[in-house]
Amino acid sequence: MEIDSLKNLQRKQCTYEILDEQYKIQKETYKGQQYSHIYFARLHLMRTILHSLVSKWKPHLPVCTVLGLEEGKECVIVGTVYKHMKLKPTILDEYSKERSANPLVRPHNFMHPDDHLVLEDESGRVKLSGAVLLPSVYVTGIVLALRGKETCVGDFLVLDILEAGLPPQIERPLISIHEGQRCSVAKFLIKVQMHAGEDKYVIFVSGISIGSSISNPLQFQLLVDHITGHLGDEKEQGIAAQIVHVVICGNSVEIPRGILNGQHLSAKDQTKLTEPLKELDILLNQIAVGLPVDIMPGSSDPANFSLPQQPLHRCLSPGSSAYNTFRSCTNPHCFELDNFRFLGTSGQNIDDLEKYSEAKDKLEFMERTLRWRHLAPTAPNTLGCYPFTDRDPFLIESCPHVYFIGNQDKFDTRLIKGAEGQMVRLIAIPRFCENGVAVMLNLRNLECHTLSFGTEFS
């Protein structure tokens with residue numbers, strides 16, 4: 001993977017392992033099952049985790065079921081939260097919207113002062129009260145342990161809250177030496193120092209939206225040229241040679257939906273459908289020639305609507321899929337680069353949280369999902385997902401080192417720390433079609449910055 005044969009710039013390499021198996025729908029069979037199974041699987045696993053934490057958190061208090069509550073007796077209950085929302089859309093609202101001459105105005109956020117929370121387990125459900133538990137923070141689908149007592153009106157007065165917290169994180173070894181390899185201690189230390197000081201970059205880009213009215217093909221071509229080392233001076237080409245991986249986080253194309261009305265498509269309409277995909281394939285082909293690229297489906301891409309979205313079919317990218325460096329991945333997407341674990345989505349999970357809860361920014365929503373140990377807690381209540389029967393694939397069992405979401409309004413990043421020393425880099429990736437911004441992450445120190453590409457000339 002040579003960048004420039006004259007300057008003898010060689011692209012750096014890194015180890016890669018894809019970990020998308022839990023998000024693939026292969027042996028699942030839909031037989032009309034409902035979503036109770038996925039809630040039960042979620043509660044069963046999360047309750048086991050929370051029970052182990054409760055023994056250290058409040059060892060002197062009994063753990064009760066909802067049915068076993070006694071008035072005035074302080075205890076701990078574990079269950080799934082349900083959020084009763086006055087403004088939450090219903091199918092009847094959708095029907096009345098279709099039948100009405102004046103469509104209903106859909107708000108950006110469905111929060112209301114009268115919203116309240118309910119906790120339920122297999123034995124029953126109880127309304128939660130108290131100033132400790134804020135309805136604006138929590139959503140339907142998360143599993144919590146609550147300390148409190150039943151009141152005379154039948155509510156459970158919450159006095160304290162226990163969340164699962166960040167899951168365990170795999171430590172990243174600096175270097176590994178195979179058994180039997182002969183190497184002195186001095187040489188080993190030199191290798192470790194060289195490895196630790198080596199810059200390797202990962203590029204994140206989302207919302208390219210080829211085919212939309214605001215898409216600028218020249219902007220993305222400039223990004224491709226920068227990644228492949230065909231842009232800039234010798235210094236910039238040297239940086240480009242340190243780019244080891246590219247991740248495209250959904251919404252790569254925007255296909256006009258209006259022409260898909262069930263009627264026979266004319267040749268002109270067929271061209272409108274396929275042209276964005278052909279253009280995307282040409283650009284991906286240029287990247288895949290030089291370095292590995294992962295592409296995730298998004299809400300506007302030709303993939304299944306519900307999470308987890310399955311990989312885009314190879315026939316949509318016949319040119320780029322011929323290279324073994326090109327990988328069509330699921331959404332969510334999990335992988336490892338040089339033993340750094342990455343976990344990310346195309347943004348649907350965080351966008352849905354924003355509709356049904358409040359936070360100061362998108363990164364706070366992301367941090368909450370990690371502390372709740374669930375990637376998409378609002379699925380399947382308000383976020384579409386496949387009705388799994390024996391598992392919940394969105395549970396986060398291993399803490400990532402990098403957690404990213406695509407298709408956001410602006411770039412933002414933060415480094416958070418867990419109680420057991422976990423460190424996670426949170427990254428919100430902006431829509432490229434709107435501002436021409438991609439994100440560049442350094443594997444050496446997990447620092448990241450933006451790459452901006454403009455096409456306006458003065």
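1. A hairpin of four residues connects strand E6 to strand E7. This is a predicted model. E6 covers residues 116–120 and E7 covers residues 125–129. The two strands run antiparallel and are joined by three bridges. One of the bridge pairs is Leu 119 with Val 126 in E7.

2. E6 also pairs with E5, again in the antiparallel sense, over five bridges. Here His 84 has His 116 in E6 as its bridge partner. Strands of a sheet pair through backbone hydrogen bonds, and the pairing is either parallel or antiparallel.

3. An open sheet of six strands is ordered E3-E14-E15-E16-E18-E17, and its pairing is mixed. Strand E3 (16–18) and strand E17 (412–417) are the edge strands; each has a single partner strand, so one side of each has no neighbour in the sheet. From one strand to the next, the twist averages 20 degrees.

4. Within this sheet, E15 and E16 pair in the parallel sense over four bridges. Gly 344 has Phe 404 in E16 as its bridge partner. Helix H7 packs on the sheet, where H7 touches E15 and E16. The direction of H7 makes about 70 degrees with that of E16.

5. Which residues of H7 are buried? In this helix, residues 348–356, they are Gln 348, Asn 349, Ile 350, Asp 352, Leu 353 and Tyr 356. The cover over the buried residues of H7 includes strand E5 (75–84), strand E15 (340–345), helix H8 (362–371) and strand E16 (402–408).

6. The axes of H7 and H8 come within 10 Å and cross at roughly 105 degrees. Because angles of 65 to 115 degrees count as roughly perpendicular, H7 is roughly perpendicular to H8. On the H7 side, the contact involves Ile 350, Asp 351, Leu 353 and Glu 354; on the H8 side, Lys 362, Phe 365, Met 366 and Thr 369. The residues of this contact divide into four nonpolar, one polar and three charged. Ile 350 and Leu 353 meet H8 and are also listed among the buried residues of H7.

7. Cys 329 counts as buried because its relative accessibility is 1%, and the cut-off for buried is under 20%. Cys 334, at 7% relative accessibility, also counts as buried.

8. How many disulfides does a search of the whole structure find? The search finds zero.

Technical notes
Residues numbered from 1 in each chain as written. Predicted model: local features only at pLDDT ≥ 70, side-chain atom pairs only at ≥ 80, totals over all residues. Heavy atoms only, no water. Disulfide = S-S within 2.5 Å. Buried < 20%, exposed > 50% of the residue type's maximum accessible area, 1.4 Å probe, protein only. Contact = heavy atoms within 4.5 Å. Axes fitted to C-alpha atoms, helices over the stretch in contact; angles between N-to-C directions. Parallel < 35°, antiparallel > 145°, perpendicular 65-115°, else oblique. Nonpolar A, V, L, I, M, F, W, Y, C, P; charged D, E, K, R; others polar. Pairing = 2+ DSSP bridges.
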